[in-house]
Amino acid sequence: MNDITKLLGEEADSLLTHRCEKITQDQLTLPGADYVSQTFSQTDRPIPVLRAYQQLLNHGRLAGTGYLSILPVDQGIEHSAGASFAPNPLYFDPKNIVELAIEGGCNAVASTLGALGSVARQYAHRIPFVVKLNHNDALVYPTSYDQTLFGQVKQAYDMGAVAIGATIYFGSENSRRQLQEISAAFEQAHELGMMTILWTYLRNGDFKQDGVDYHTAADLTGQANHLGVTIKADIIKQKMAENNGGFNAVKVGKTHPKVYSHLSSDHPIDLVRYQVANCYMGRIGLINSGGASTGAGDLAQAVRTSVINKRAGGMGLISGRKAFQRPMNEGVELLNAIQDVYLDKRITIA
């Protein structure tokens with residue numbers, strides 16, 4: 001705990017002692033060793049999907065805890081391979097991406113159809129694969145933002161993946177088409193016995209108002225989460241909430257005053273608790289993304305995000321650039337630091 005407290009710095013007391021009084025922990029379904037048996041088994045997902053979920057939860061350093069640590073590396077498409085891998089060219093080779101996930105004790109590795117397919121026979125039996133099927137093509141000019149399918153669900157199944165991943169840019173002009181495509185893909189994945197993980201990201205230039213970026217507002221991201229679980233995402237991946245009031249600032253959709261007075265506050269844990277609430281009060285797990293690499297402060301930031309996610313009732317962290325844009329031994333250290341938060345029983349649900 002001392003190392004975690006040191007990394008949290010001035011926020012340590014606030015983050016480690018806070019109690020959520022808006023949405024209390026007794027209202028939530030929380031992660032645990034029996035999550036699949038007690039909660040997920042009550043859904044209408046086919047039995048092989050339950051097995052796939054349990055396989056995911058039983059792997060890596062967090063095996064048996066109900067928490068997840070996933071290494072995602074799909075940035076070679078979204079941000080260009082050069083932008084992603086120039087800091088550490090080792091990871092142009094997908095073999096090293098998977099090796100980092102294994103050495104780092106992750107529950108799974110998430111990457112592109114081509115990357116995982118290129119090493120599937122060597123690694124698919126050694127660590128669970130999550131195949132990310134749609135991407136935003138960075139070469140479109142002038143720049144536009146649209147998630148399009150790069151592969152088929154059956155291809156992920158054939159390489160032995162336990163899950164597929166996909167992104168919907170909620171709020172974008174193409175979001176409804178993406179919603180239809182991914183809903184159909186998720187249905188097929190479930191039929192084949194694979195899990196589904198949805199990146200429920202917001203994307204619209206008008207979500208920035210008066211110098212404030214509401215792409216990470218708790219109310220807007222919470223609604224994106226709610227849309228994601230509606231199309232049967234088994235896990236929601238969302239950026240950690242950093243502010244609130246997006247509905248009122250952007251003047252989009254509908255909200256209610258009690259969202260801000262009774263269901264959330266300005267405290268980081270309360271903001272993420274509202275994100276969890278929109279995942280059917282935790283019946284569907286929320287994992288937060290680790291965010292971009294900023295250099296020396298990555299370790300502290302990763303630990304902070306983990307503490308907030310865990311104490312809010314989330315299911316774990318999916319962190320990529322902070323881990324793979326540095327030497328492998330340092331990437332392993334960072335992934336282990338994230339996992340240590342979820343392994344530490346002294347860090348409890350707020």
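Between which two helices does the loop with S80 lie? Select S80: the loop runs between α5 (75–78) and α6 (81–85). Helices (H or I, at least four residues) and strands (E, at least two) are DSSP runs, numbered from the N terminus. Phi of S80 is near 80°, a positive value in a residue other than glycine. Most residues other than glycine have a negative phi, and most peptide bonds are trans.

This is a predicted model, in which local features need pLDDT of at least 70 and side-chain atom pairs count only at pLDDT 80 or more, while totals for chains, interfaces and linings use all residues. Residues are numbered from 1 along each chain as its sequence is written, and side-chain values use heavy atoms, with hydrogens and water left out.

**Stop two: a cis bond.** Go to P142, in the loop between β4 (134–136) and β5 (147–149). The peptide bond from Y141 to P142 is cis, with omega near -5°.

**Stop three: helix α18.** Show α16 (residues 298–312) and α18 (residues 328–343). They pack at an angle of about 25°, with axes 9 Å apart. Axes are lines fitted to C-alpha atoms, for helices over the stretch in contact, and angles run from 0 to 180 degrees between N-to-C directions. The two helices are therefore roughly parallel to each other. Angles under 35 degrees count as roughly parallel, over 145 as roughly antiparallel, 65 to 115 as roughly perpendicular and the rest as oblique. On α16, pick D298, L299, A302, V303, S306, V307, N309 and K310; on α18, pick E333, L334, A337, I338, V341 and Y342. These residues make the contact, meaning heavy atoms within 4.5 Å. By class, the contact of α16 with α18 has 9 nonpolar, 2 polar and 3 charged residues. Here Ala, Val, Leu, Ile, Met, Phe, Trp, Tyr, Cys and Pro count as nonpolar, Asp, Glu, Lys and Arg as charged, and the others, Gly among them, as polar.

N96, E99, L100 and E103 of α7 touch M328, G331, V332 and L335 of α18.

**Stop four: α15 on α16.** Select α15 (residues 268–277): the axes of α15 and α16 come within 8 Å and cross at roughly 55°. That makes α15 oblique to α16. P268, I269, V272, R273 and V276 in α15 meet R304, I308, N309, R311 and A312 in α16.

On a 1 Å grid over the protein atoms alone, a cavity is a set of points where a 1.4 Å probe fits but cannot get out, and a pocket is an open set with protein on both sides within 12 Å along at least five of seven lines; lining residues have an atom within 4 Å of a point. Grid points are joined across faces, edges and corners, and a volume is the space filled by probe spheres set on the points.

The structure holds 1 cavity of 30 Å³ or more. The largest cavity has a volume of about 40 Å³. Select its lining: T29, L30, P31, Y35, G282, I284, G285, L286, G313, G314 and M315.

Finish at the second largest pocket, with about 320 Å³ of space. Of its 14 lining residues, F170, G171, S175, Q223 and L227 lie nearest the centre. The largest share of the lining, 4 residues, comes from α12.
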